[in-house]
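Biologist: I am new to this model and would like to know what stands behind the words used for it. Please take me through them one at a time.

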Amino acid sequence: MKPFYLTTPIYYVNDAPHIGHAYTTVAGDVLTRWHRQRGEDVFFLTGTDEHGEKVMRAAEKNNVSPQKWCDDLVESAWKPTWSALNIANDDFIRTTEPRHEERVQKFLTGLKDAGHIYLGKYEGPYCVGCEEFKLPGDLIDGNCTTHSRPCEILSEENWFFKLSAFVPAIIKHYEENPAACEPASARNEVLAFLKGEVSDLSISRSTFDWGIPVPWDTKQVIYVWFDALLNYATAVGLTDDPTSEGGKKFAKYWPADVHLVGKDILRFHAVIWPAMLMAAGLPLPGKVFAHGWLLVGGEKMSKSKLTGIAPKDITDTFGVDAFRYYFLRAIPFGSDGSFSWEDMAARYTSELANDFGNLASRLIAMIEKYCGGVIPAVAQSPELSEALAKTVVEADAAIVALDFQTGINSIMDFCKKVNGYVTLTEPWKVAKDESRTVELNEILYNIAEAIRALAVLMHPIMPATCEVLWSSLGADKTLGTIAAQKISEVATWGQLPAGSQVVKGAVLFPRLESANEA
RNA sequence: GAGGGGGUAGCUCAGUUGGUUAGAGCCCCGGACUCAUAAUCCGGUCGUCGUGGGUUCGAGCCCCACCCUCCUCACCA
């Protein structure tokens, strides 16, 4: 079976990451962790996009070289953010790395040799003050908005990619494979665009030099998007000799199963990227999934405006796992969703502290109090085990389809059901009657077993917390690591062995101090 | 401007091919319980379903008009 290969966008390093970037990356991490627990071989790629005019300008502003600017930001901001969020990526690619640049050049040369690249003229409004080409949308009455003076229509010689030649094939691809671009609203927009007029793409720039040189015309650099998109393939060995290590890796992992993207960059991934691959005769990715925006106060988070919230602002209060949980639980993954501190606090308290964390606390306390801290004999509750089986089927189907909300929902429904079981069976009352010890033990075993399953199911979403819960059940000593637990087997009842030593630890999700009311 | 979503309880949202008293979670109120992070469980209050017309025996779901809001309309990561 082909390994499951998922990518996030490579993020543009003109600033530090905000929660919008983290949203995408966490989603990718949860999905790949889930696939790993299904027993699949997984490759999870993220990275940074470091070429282009904006990075160059940002570096100039700070009086450093573009390369140093990128190095600093990657090491001080991007990588630390991902490790703080417990992101388990298998690779981190930077577009300034030789492994990327060399392969991009080889790929481009290949396209040229195959006749897909030609020399053409790019013509557009050019502002002498800015020394750059403008987009029609950037102009007001033909004037540059920064210099308030008319632009000249200039043209420069650029290398063009015959994008238009692939349009019919791409349309056919999406019509025959609806799953290749999701959600449906995104696919419709892409198809609407494709059925309009699509012209060829200028893939080189000569007005600045921070980029990968066009191999046969080194006065020009490769257009940043053309460069950036290729990261998904260069990271796994694109263009390497099939017998080499890189070539074997490419054969093993390509094509990617899922490209996760924000809807702002959908078109690059759903139109340009497949055309590039078709031109090279390579298989297309299984799915491009465009998720929605995180809205803050009704407006979209912006990297250029200062509405960006750093993940740390949230994790300092709620913790990393609550951060990972919240966005996937609260927002349907293809839709926009508003972030608010109030909603986050409400969900944290109700769902994580009260429903999930407290369930663990009540079980551990009772096992300690009534069973001497040891898991009692294996028993089975048909009610709970059947509910669990149903939960696993639902959650697995939903999460594999990137419907995180439905998946987490069904897991949390099961959690609520277990709380109901505890209240209904009233083990604290049964414990007062010495003739009912067997019944008491059965009840407590069933709760423990249900929580064992909850820990496994929640592990991809909240790894650190679930590992703590796992070891407090004593399961690490008897069942192995939580990461090794298979989704396909999690519903098999009776796995937690009798005699496991339960350890009471810190509360999983401490109640929030009511200090931050304002 | 053109095309496409959406406007349903205080909040976030579900609502199949039109059909009896419009649902869920959260919040709030009441009860039960005490193993637990004053947590849990049960019950309850709350809605002119954006506005105005129309079709129909019957419309949140269909049609028309209008208002509001979000998105797309290419090379801006």
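Modeller: Start with Asn-86, which has a relative accessible area of 29% and is therefore partly exposed. The model is predicted, with local features needing pLDDT of at least 70 and side-chain atom pairs pLDDT 80 or more, while totals for chains, interfaces and linings use all residues. Residues are numbered from 1 along each chain as its sequence is written, chains are lettered from A and ligands numbered from 1 in the order in which they are written, and side-chain values use heavy atoms, leaving out hydrogens and water.

Biologist: Why is Asn-86 called partly exposed?

Modeller: Buried means under 20% relative accessible area, exposed means over 50%, and partly exposed is in between, with a 1.4 Å probe and protein chains only. Asn-86 has 29%, so Asn-86 falls in the middle class. Glu-426 is also at 29% relative accessibility and therefore counts as partly exposed.

Biologist: What is said about phi at Asn-86, and where is the residue placed?

Modeller: Its phi is positive, about 65°, although Asn-86 is not a glycine. Most residues other than glycine have a negative phi, and most peptide bonds are trans. Asn-86 lies in the loop between H3 and S3; helices (H or I, at least four residues) and strands (E, at least two) are DSSP runs, numbered from the N terminus. Glu-426 has a positive phi of about 45° and is not a glycine either; its place is the loop between helix H15 (404-425) and helix H16 (427-430).

Biologist: Which residues does a cis peptide bond join?

Modeller: One such bond joins Glu-182 and Pro-183, with omega about -5°, and Pro-183 is in the loop between S9 and H6. Another joins Trp-254 and Pro-255, with omega about 0°. Pro-255 is in the loop between H9 and strand S14 (258-262).

Biologist: How do you know whether Thr-7 is buried or exposed?

Modeller: Thr-7 has a relative accessible area of 0%, which is under the limit of 20%, so Thr-7 is buried. Thr-7 is found in strand S1. Not counting residues up to four places away in sequence, Thr-7 touches Leu-45, Tyr-232, Val-258, His-259 and Leu-260, where contact means heavy atoms within 4.5 Å.

Biologist: What makes the pair of Thr-7 and His-259 a polar contact?

Modeller: A polar contact is a pair of N or O atoms within 3.5 Å; within protein, one must be able to donate a hydrogen and the other to accept it, and residues adjacent in sequence count only if both atoms are side-chain atoms. The side chains of Thr-7 and His-259 make such a contact at 2.7 Å, so the distance is within the limit.

Biologist: And Lys-248: buried or exposed?

Modeller: Lys-248 has a relative accessible area of 54%, which is over 50%, so Lys-248 is exposed. Lys-248 is found in helix H9 (residues 245-253). Leu-328, in helix H12 (residues 320-330), is at 1% relative accessibility and so counts as buried. For chain A, buried residues make up 53% of the 518 residues.

Biologist: What makes H6 and H10 oblique to each other?

Modeller: Helix H6 (residues 184-194) and helix H10 (residues 266-279) pack at about 55°, with axes 10 Å apart. Axes are lines fitted to C-alpha atoms, for helices over the stretch in contact, and angles run from 0 to 180 degrees between N-to-C directions. Angles under 35 degrees count as roughly parallel, over 145 as roughly antiparallel, 65 to 115 as roughly perpendicular and the rest as oblique. The angle of H6 and H10 is among the rest, so the two helices are oblique. Residues making the contact include Ala-186 and Val-190 of H6 and Leu-266 and Arg-267 of H10.
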